[in-house]
Amino acid sequence: MCSRNSSSITSFFIVSLLAVLVNPTISSRAFTKEHPRVSVASNCESWRLASETNNAGSWNVVPSRCVNSVKNYINGGQFENDYNIVARYAIAYAKRINLGRDGKDAWVFDIDETLLSNLDYYKVHGYGSEPYDNAKFNEWAVQGKASSFDGSLRLYKALKKLGFTIILLTGRDENQRSITEKNLRNAGYFGWNRLILRGKNDQGKTAIQYKSEQRSKVVKEGYKIHGNTGDQWSDLQGFAVATRSFKVPNPMYYIA
């Protein structure tokens, strides 16, 4: 039989554990503290896993001690392999869907770090260890130099061949429409149904709210969103969500 003392200790432990699990701030802060018996590299791999699975909660920058880990992950081939695996699962899922003949079977794609890679920008900005600078990033974006990912281009082309209607939904502003379209075509993407960008009425909205509202409009038009691919959880969550969503890796930044 447990004494009142041991019972209280057990209760305190359970409550404390639950507090960590349900509070993203506590969870993230606790997770980034290194365990004395675990290497920095191992801790950073665990941090990256927690971030990718959305268990770390909202975070602003890559921890300074994890910059080399993120750099090696992206440049060492594992990032590309992880992306390719996601693309393969998405294609396998898409092939099982019986499409109608009305052109209303849709697949939604985010753009930045999903279809277009801004890695050349982040290479000179600390691989996500520097605070996001909207002005600097827009200076890069309007150059239209972003490339495609091998996995994203393969997935995109496979979906087009299967007959899906492609809808591009990005957090970029409407004034970047022309350069975004040009960049997408230069990177190998053609034949999308529509490209949705933030208009004046969308300014100030969170990514989840803005993208949910835009997907809702698409659904009201009669489209069925079978799939959605994005690098942020905010690309995939909210309402009017896809039947199945596919999160591609991005250890460099988090958008709420």
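**Ground rules.** I am working on a predicted model, where local features need pLDDT of at least 70, side-chain atom pairs count only at pLDDT 80 or more, and totals for chains, interfaces and linings use all residues. Numbering starts from 1 along each chain as its sequence is written, and side-chain values use heavy atoms, with hydrogens and water left out.

**Sheet.** I looked up the strand order. Five strands form an open sheet, E5-E4-E1-E6-E7, with parallel pairing. I took helices (H or I, at least four residues) and strands (E, at least two) as DSSP runs numbered from the N terminus. Two strands pair if DSSP finds at least two bridges between them. Strand E5 (194-198) and strand E7 (244-247) stand at the edges; each has a single partner strand, so one side of each lacks a neighbour in the sheet. From one strand to the next, the twist averages 20 degrees. For that angle, axes are lines fitted to C-alpha atoms (for helices, over the stretch in contact), and angles run from 0 to 180 degrees between N-to-C directions.

I then checked E6 (residues 224-230) against E7. Four bridges join these parallel strands. Gly227 has Arg244 of E7 as its bridge partner.

**Helix H10.** I compared length with expectation. The expected span is 1.5 Å times one less than the number of residues. H10 (residues 207-220) has 14 residues and should span 20 Å; its end C-alpha atoms are 20 Å apart, which agrees. Next I listed what is buried (under 20% relative accessible area; exposed is over 50%, partly exposed in between; 1.4 Å probe, protein chains only). The list for H10 includes Ala207, Tyr210, Lys211 and Val218. The buried residues of H10 pack against strand E4 (165-173), E5, E6 and helix H11 (233-236). Contact here means heavy atoms within 4.5 Å. Just after H10, Gly222 takes a positive phi of about 105 degrees.

**Salt bridges.** My rule was a side-chain nitrogen of Lys or Arg within 4 Å of a carboxyl oxygen of Asp or Glu. The count comes to 10 salt bridges. I wrote up three.

- Arg48 pairs with Glu45, closest N and O atoms 2.6 Å apart. Both lie in helix H3 (residues 40-52), three residues apart, about one turn of the helix. Arg48 is buried at 12% relative accessible area, while Glu45 is partly exposed at 36%.
- Lys247 meets Glu52 at 2.7 Å, N to O. This pair links distant parts of the chain, strand E7 and helix H3, 195 residues apart. Lys247 is buried at 17%, and Glu52 is buried at 13%.
- Asp235 meets Lys211, also in a salt bridge, at 2.7 Å, N to O. Asp235 is in helix H11 and Lys211 in helix H10, 24 residues apart. Asp235 is buried at 6% relative accessible area, and Lys211 is buried at 4%.

A network of salt bridges links Asp110, Lys211 and Asp235.

**Disulfide.** I searched for cysteine sulfur atoms within 2.5 Å, the cut-off for a disulfide. Cys44 is joined to Cys66, S to S 2.1 Å. The link is left-handed, with -85 degrees about the S-S bond. Cys44 sits in helix H3 and Cys66 in the loop between H3 and helix H4 (67-75), 22 residues apart. Cys44 is buried at 1% relative accessibility; Cys66 is buried at 2%.
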